[in-house]
Amino acid sequence: MRSVKDIANSIRLGRASAQQTISHYLQIIRQYDPPINSVTRILGERALKAAERIDLLIATGQDPGPLAGVPFAVKDLFDVQDEVTTAGSKILSKKTCANQDAEVIQRLCKAGAIPVATLNMDEFAYGFVTDNVHHGMTYNPHDLSRFAGGSSGGSAASVGGGIIPFSLGSDTNGSIRVPASLCGVWGIRPTFGLMPMQGVYPFAKSFDTIGPFCQTVEDLKLVFNVMAGVEDNASILPSVSDLRIAQVGGWFERDVEQDILKTIQEIMHLFSQQKKIEIPYIEQVRTASYLMTASEGGNLHLPMLRTQPLDYDPATRDRLMAGAMLPVASYLQAQKVKTWFQNYLAEIFKEYDLLIAPAVGAAAPLIDNPIVYVDGQPVPARVHLGIYTQPFSMSKCPVLSIPFQRKGKPPVGLQLIAQPYQEKLLFAVGSVLEQNGLAKASIIHRDAIT
């Protein structure tokens, strides 16, 4: 699949029209998505009209934007004008259509990008496997017998499966980082509060953020800058060898396959200053993250749980009801843990520029054996796939999900963590890792039959 940058440059320079490009990708979606089941709606009419406008701008000598004619798709919790935002649920499917796009979609469209589809997700973004009772399972494009991860599984699978150049997802406790890792693509959980959340259906407002999935780190940076409304100024960044990095060990080494830990060591060797650290009380941090998410999600849904309980996926309903019943005192105690963790990381970042840890401990679980391991014990994947991502959701830090390939095995990913608002540093290091062959997306290349 061609990169975001290549597609935009080709259209801007007149080598291809936006209408031809969009028609091509609409055909790819119709032809190749059904076995993966990442797409819930195709926005064909809107996409072709938008492409016509892009071509007209170019024909009249106007600037169509840096993402001119690039197709993208969005997790179905972003408002898309004249479409119902379902958040993967039956309950919201009867609501009125959105009267405008979510703010971040407006920014992308202003830059010339064109939304072509909405994407599958865990109902109300509560889960790690994208097994949706209403829309069906989204399958891992690299092995249809495995999960794609979640809750943004449709977003990751559509890019990894070669269906779309880039997509949007959300991350509360790992819903970008987990599926990006299992589907072999780049993703980022931005600094908390950086991205505009207008028009995005919430799950847990103390944690929710949104970000893109891409096939290269350069694409990720380009799309991120448009979404965040930041300019890519040419400030000088230190070389990787001058940066200080710490591997997060202890909890983040348990139940992790050896080749993942080996790749972390290979990355560490690029840095002149490196060390392994352990974060105390990390299991309590993860528990507090889980508790706060459950409580906020449960209380958000409490009115609908009281009036429409049978319209929920039973697994989602039970977890939301349990969250709604958590004592306020427990939530307040978890908030104290969150504050402690943020203060602790602030001290850590006085000594180190970056932290590195696994995003997942192994390849995507098999659908017929839906388990992961915690302390050597099998536990349900739907609940526990985020054991390494959940703790860092308690910080405000940006986290880059780094894909890497393993010979003869499905892809996995790592987390690279920086101080808040240091996304530029993450992209710079990600680019070095990509150039050194230590990071590489796994993308299935598609050619539409016309």
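Predicted model: local features only at pLDDT ≥ 70, side-chain atom pairs only at ≥ 80, totals over all residues.

**Cavities**

I started with the largest cavity and asked which element gives most to its lining: helix α9 (residues 282-307) has the largest share, three residues. Helices here are DSSP runs of H or I with at least four residues, strands are runs of E with at least two, and both are numbered from the N terminus. Residues are numbered from 1 along each chain as its sequence is written, and side-chain values use heavy atoms, with hydrogens and water left out.

I looked up the volume next, and it is about 130 Å³ for the largest cavity. Its lining has 15 residues, and Y126, F128, N173, F203 and T293 are the closest to the centre. I sorted that lining by class and got seven nonpolar, seven polar and one charged. Nonpolar covers Ala, Val, Leu, Ile, Met, Phe, Trp, Tyr, Cys and Pro; charged covers Asp, Glu, Lys and Arg; the others, Gly among them, are polar.

For the terms, I work on a 1 Å grid over the protein atoms alone: a cavity is a set of points where a 1.4 Å probe fits but cannot get out, a pocket is an open set with protein on both sides within 12 Å along at least five of seven lines, and lining residues have an atom within 4 Å of a point. Points are joined across faces, edges and corners, and a volume is the space filled by probe spheres set on them.

The second largest cavity has about 40 Å³. Its lining includes S170, F203 and D208, and by class it holds six nonpolar, two polar and one charged.

**Pockets**

What volume does the largest pocket have? I get about 360 Å³. It has 19 lining residues, with R46, A50, R53, D101 and C109 nearest the centre. α3 (44-59), α4 (103-110) and β3 each supply at least two of the lining residues, and α3 has the largest share with six. I count ten nonpolar, two polar and seven charged residues in this lining.

The second largest pocket comes to about 290 Å³. Among its 17 lining residues, A362, A363, I371, V372 and Y373 are the closest to the centre. Strand β12 (residues 371-374) gives the largest share, three residues.

**Sheet**

I traced an open sheet of eleven strands in the order β1-β3-β2-β6-β8-β7-β14-β15-β11-β9-β10, with mixed pairing. Strands pair if DSSP finds at least two bridges between them. β1 (39-42) and β10 (273-277) each have a single partner strand, so one side of each lacks a neighbour in the sheet.

I then checked β8 (residues 209-214), and six of its six residues are buried, meaning under 20% relative accessible area with a 1.4 Å probe and protein chains only. β6 (residues 166-171) pairs antiparallel with β8 over five bridges, and S170 has I210 as its bridge partner.

**R317**

Is R317 buried or exposed? R317 counts as buried because its relative accessibility is 16%. I placed R317 in helix α10 (residues 314-324). Leaving aside neighbours within four places in sequence, R317 is in contact (heavy atoms within 4.5 Å) with L305, P309, L310 and Y312.

Notes:
Buried < 20%, exposed > 50% of the residue type's maximum accessible area, 1.4 Å probe, protein only.
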